[in-house]
Amino acid sequence: MINFIFQIIASLFIGICFVYLAKRYQKNQIIYFCYGFIISLAIRFIYLFIYGFISDFKISETYNYNRNLSVILSIVIPYILFVFLRNKLTKENKNNADINEIGKQ
């Protein structure tokens, strides 16, 4: 139960980080929050589902290890996506000329 509560809190934090990205680059904040939140939860569920298929859905000694690993992966992978998306939006933002720069040319 504590592990799931930690997962929800981490997913909310990741969603808030994506909202920061949306604010900075004038994108839809709700959609970016949903991206971050859903990706974080989906990674955990997909990992545990795959682990379930491998272990024939039987609880063993390695279940706790894999449950904790799923939480770590659900934080690390959205962070990598966040950095990738931030770099992409920064590059796109530099390519779009500012209104004041257009008159200087």
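## Overall shape

The radius of gyration is taken here over C-alpha atoms, and the globule rule is 2.2 Å times the number of residues to the power 0.38. This is a predicted model. For a compact globule of 105 residues, the rule gives a radius of gyration near 13 Å. The protein has 19 Å.

The C-alpha trace can also be described along its principal axes. Its spans there are about 70 × 25 × 15 Å.

## Fold

The protein has four helices. It has zero strands. Read along the sequence, the pattern is α-α-α-α.

Take the contacts between residues at least 6 apart in sequence. Of these, 65% join residues at least 24 apart.

## Surface and charge

How much of the protein is buried? Of its 105 residues, 29% count as buried. The accessible surface comes to about 7,800 Å². Carbon and sulfur atoms account for 67% of that surface.

Charged side chains number 11 positive and 5 negative. The centres of the two sets lie 4 Å apart.

## A look at Cys-34

Cys-34 sits in helix α2, which covers residues 29-54. Why does Cys-34 count as partly exposed? Its relative accessible area is 33%. Buried means under 20% and exposed means over 50%, so a value in between is called partly exposed.

Cys-34 can also be placed relative to Ile-14. The two residues are 20 apart in sequence. In space, they are 9.7 Å apart, C-alpha to C-alpha.

Terms used: Residues are numbered from 1 along each chain as its sequence is written. This is a predicted model: local features need pLDDT of at least 70, side-chain atom pairs count only at pLDDT 80 or more; totals for chains, interfaces and linings use all residues. Side-chain values use heavy atoms; hydrogens and water are left out. Helices (H or I, at least four residues) and strands (E, at least two) are DSSP runs, numbered from the N terminus. Buried means under 20% relative accessible area, exposed over 50%, partly exposed in between (1.4 Å probe, protein chains only). Contact means heavy atoms within 4.5 Å. Accessible areas come from the Shrake-Rupley method with a 1.4 Å probe; for residues, only the protein chains shown count as cover. Lys and Arg count as positive and Asp and Glu as negative; His and the chain ends are not counted. The place of a charge is taken as NZ of Lys, CZ of Arg, CG of Asp or CD of Glu.
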